[in-house]
Amino acid sequence: DTSRVIPFFQIIPIFGIGLAFVRLNELPIPMDLLGIVCLVMGGLALSIKEGVVHGKLAVFMVLSSSLVALNDVIFAEFGRGHAFSEAILADWVGKGFFGLTALVLPRVRKGFVTGLKSKMGLMVGSEVSYAMGDALLDIAKLIMPVAIAQAAFCTQPLFVFIGIVLFSAKFPSLKEDFRKKEMRNKLIGTILMVVGGIVLSI
C-alpha cells in the first residue's frame, strides 16, 4: 500500500544524522534520540499487516532510505561550495542521467511509454510537483543541517495518508487496505513518524 511505503522515508534523518556527523561534522543533540525512537516505532507500526511484520518491505525501505540519506549528505558537501542554482542543476542532471540509463531496461522502457500514452497529464503533474519540492529540499540542505532539512519534510506521510483516503475511489489501482484495523495501524505509524520528524526539526 502506498500509505505504508511513503512513511518509511521518514527514517532518512536517522541515517542523515550519522552520515552528516561523519562527513560534515554536524553533531546530533539529545532531543534527536526521542525523534529517532518515534520514527522507528512508526516504521514498525507501518510494516505490520494482519499481525505480521513484513520484513521484506522493511528491508527494502530501510536500504532505500539509507541511500537517499547518503545522497543528501554528498549533495550538501558538494553544494555548499557552489551557488544554489549550480548545485540544484548538478542534482537534476545526475537524476536525469540515471533515469535515461534505466530506460535501457525493456520493462522500464515499456512502462514509461505506456504511461506517456495513457497518463501523460498525471505524469507531467507528478514530475513538475516533485521537481519543485525536490528543489526546495535541496535549498534547505544547503542552508541548514542535513538531518534537520530531511526531518522538516516529516509531514509528507500525513498528506499521503489524506490523499489516499480522498482519491482511492478515483484511482482504484492504488489498492489500499481500508479495513478498520489496518487503517488504525497506518494512522498510528504515520502520526509517530510525523511526531518524530517534528522533534528532530526542533
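Okay, let's start with α2, which makes the top contribution to the lining of the second largest pocket: three residues. Helices here are DSSP runs (H or I, at least four residues), numbered from the N terminus. Keep in mind that this is a predicted model, where local features need pLDDT of at least 70, side-chain atom pairs count only at pLDDT 80 or more, and totals for chains, interfaces and linings use all residues. Residues are numbered from 1 along each chain as its sequence is written, and side-chain values use heavy atoms, with hydrogens and water left out.

By pocket I mean an open set of points on a 1 Å grid over the protein atoms alone, where a 1.4 Å probe fits, with protein on both sides within 12 Å along at least five of seven lines; lining residues have an atom within 4 Å of a point.

So, how big is the second largest pocket? Its volume, the space filled by probe spheres set on the points, is about 170 Å³. Thirteen residues line that pocket, and Leu27, Pro28, Asp32, Pro145 and Ile148 are closest to its centre. Both α2 (12-24) and α8 (146-151) supply at least two lining residues.

Now the largest pocket, at about 1800 Å³. It has 39 lining residues, with Ser126, Glu127, Tyr130, Asp134 and Gln156 nearest the centre. Which helix gives the largest share of that lining? That's α7, with 13 residues. Helices supplying at least two each include α4 (55-79), α7 (120-143) and α9 (156-167).
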